[in-house]
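Please look over the sequence and the 3D structure below before turning to the notes that follow.

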Amino acid sequence: MRLTEEEMQAFLRGMEGWKLVEERWIAKKYRFQDYLQGIEFVRRIAAISEEANYHPFISIDYKLVTVKISSWRAKGLTKLDFELAKKYDEVYGKMKD
């Protein structure tokens with residue numbers, strides 16, 4: 001079920017770096033020390049996404065990976081979008097340690 005504006009803002013308050021785009025997407029940029037580390041991050045979040053049957057937009061610009069999320073069926077953001085965003089952040093955190 002699509003979230004209201006208030007619900008989206010509440011989720012975003014607890015998520016560092018994620019931005020609301022056009023009230024339909026959330027997006028975040030992840031920086032890495034080198035290109036291959038970014039590629040490994042993409043591989044890991046792609047596996048999480050595939051398991052959830054969910055496919056975000058991912059762009060790779062050398063050491064910068066941008067992830068953009070929305071739920072097509074809901075025509076906007078759902079709780080699942082934010083749950084997956086948190087999982088992506090966890091992967092990033094583990095890779096940075």
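Ser71 is buried, since its relative accessible area is 10% (buried means under 20%, exposed over 50% and partly exposed in between, with a 1.4 Å probe and protein chains only). This is a predicted model, in which local features need pLDDT of at least 70 and side-chain atom pairs count only at pLDDT 80 or more, while totals for chains, interfaces and linings use all residues. Residues are numbered from 1 along each chain as its sequence is written, and side-chain values use heavy atoms, with hydrogens and water left out.

**Ser71 and its surroundings**
- Ser71 sits in the loop between β4 and α3, where helices (H or I, at least four residues) and strands (E, at least two) are DSSP runs numbered from the N terminus.
- Apart from neighbours within four places in sequence, Ser71 is in contact (heavy atoms within 4.5 Å) with Tyr54, Gly76, Thr78 and Asp81.

- Leaving aside neighbours within four places in sequence, the contacts of Trp18 include Leu12, Ile26, Val67, Ala85 and Tyr88.
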